[in-house]
Amino acid sequence: MKKVTVASAILAISMFYGSAQAGNSLLKETDTETLALKIVGEVSEGGYNLISVAEIKSMLAAKEDFVLIDAHPKVEYDLAYIDGAINIGFKSKRVGKWGLDAEDGHTQADYKAALGSDLNKKIVIYCGFVKCGRSHNAAMWARNLGYKNVYRAPGGISAWMDSGFPYKTKIK
């Protein structure tokens, strides 16, 4: 039952993404299907959960205690990020070796420090958009480091901005 729910959620997200990216017309169904199946595969591989940007917004408004990770390289994080996010950059393509997966010289110790010592604390990770693999890479590393309550927002900062939610920038 859970797989069907996850697949349905991903399909809905990817359909929204497709309409946003294609000027309010849906992508070809094969493109939507390919994207949905990619995310289903990543979630299955990673053992983490999915979360929407609307849920993140609600958690922030409720002042829920969780860790928010922006998985962009610093230069992209500086352009637009969710207030309160900690920037630990990851590469889009997962290799499975820290030195090849992390960006900007961040160490595993940096990531662990950002995530905190409570392995049961809710961790929410986002990157740029549905096709971006950085949040998957970061979520995989969180799970590999023993964190159990890991969530990925596949729409990332693009879905956040598309929703009209406020964001921060370091660009003057």
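The structure is a predicted model, in which local features need pLDDT of at least 70 and side-chain atom pairs count only at pLDDT 80 or more, while totals for chains, interfaces and linings use all residues. Residues are numbered from 1 along each chain as its sequence is written, and side-chain values use heavy atoms, with hydrogens and water left out. The protein chain contains eight helices and five strands; helices (H or I, at least four residues) and strands (E, at least two) are DSSP runs, numbered from the N terminus. Of its 172 residues, 44% count as buried, where buried means under 20% relative accessible area, exposed over 50%, and partly exposed in between (1.4 Å probe, protein chains only).

**Overall fold**

- Along the sequence, the elements of the protein chain follow the pattern α-α-β-α-β-α-β-α-α-β-α-β-α.
- Among contacts in the protein chain between residues at least 6 apart in sequence, 68% join residues at least 24 apart; contact means heavy atoms within 4.5 Å.

**The sheet**

- The five strands form an open sheet with parallel pairing, in the order β1-β5-β4-β2-β3; two strands pair if DSSP finds at least two bridges between them.
- β1 (49–50) and β3 stand at the edges with a single partner strand each, so one side of each has no neighbour in the sheet.
- Strand β2 (residues 67–70) pairs in the parallel sense with strand β4 (residues 123–126) over four bridges, and valine 67 stands opposite isoleucine 123 in β4.
- β2 also runs parallel to strand β3 (residues 86–87), to which two bridges join it; there, asparagine 87 in β3 is the bridge partner of aspartate 70.
- In a regular strand the side chains alternate between the two faces of the sheet.
- In β2, Val67 and Ile69 point one way and Leu68 and Asp70 the other, and all are buried.
- Two bridges join β1 to strand β5 (residues 150–153), and these strands run parallel; leucine 50 stands opposite arginine 152 in β5.
- Helix α6 lies across β2, β3 and β4 and runs at about 140° to β2; axes are lines fitted to C-alpha atoms, for helices over the stretch in contact, and angles run from 0 to 180 degrees between N-to-C directions.

**Nonpolar cores**

- A nonpolar core is a set of buried Ala, Val, Leu, Ile, Met, Phe, Trp, Tyr and Cys residues joined through side-chain atoms within 4.5 Å.
- The largest core has 26 residues, of which Ile69, Phe90, Tyr111, Leu115, Ile123, Ile125 and Val150 touch the most other members.
- Two or more residues of this core come from each of α2 (29–46), β2, α6 (108–115), β4 and α7 (134–144), and α7 gives the largest share, four residues.
- Another core, of 19 residues, lies apart from this one and includes Tyr81, Tyr126, Tyr151 and Ala159.
- Not counting residues up to four places away in sequence, valine 150 touches Tyr48, Asn49, Ile123, Ile125, Ala139, Ala142 and Arg143.

**Helix α7**

- Nine of the eleven residues of α7 are buried, so this helix is largely enclosed by the rest of the structure.
- The buried residues of α7 include Arg134, His136 and Trp141, and their cover includes α2, α4 (74–77), α5 (98–101), α6, β4 and β5.

- Arginine 152, in strand β5, is buried, with a relative accessible area of 0%.
- The side chains of arginine 152 and glutamate 42 are joined by a polar contact of 2.6 Å; a polar contact is a pair of N or O atoms within 3.5 Å, and within protein one must be able to donate a hydrogen and the other to accept it, with residues adjacent in sequence counting only if both atoms are side-chain atoms.
- Lysine 121, in the loop between α6 and β4, is partly exposed, with a relative accessible area of 23%.
- A polar contact of 3.0 Å joins the side chains of lysine 121 and aspartate 65.
- Lysine 121 and lysine 148 are 27 residues apart in sequence, and 7.7 Å apart in space, C-alpha to C-alpha.

**Cysteines**

- A search of the whole structure finds zero disulfides, a disulfide being a pair of cysteine sulfur atoms within 2.5 Å.
- Cysteine 127 is buried at 0% relative accessibility, and cysteine 132 is buried with a relative accessible area of 6%.
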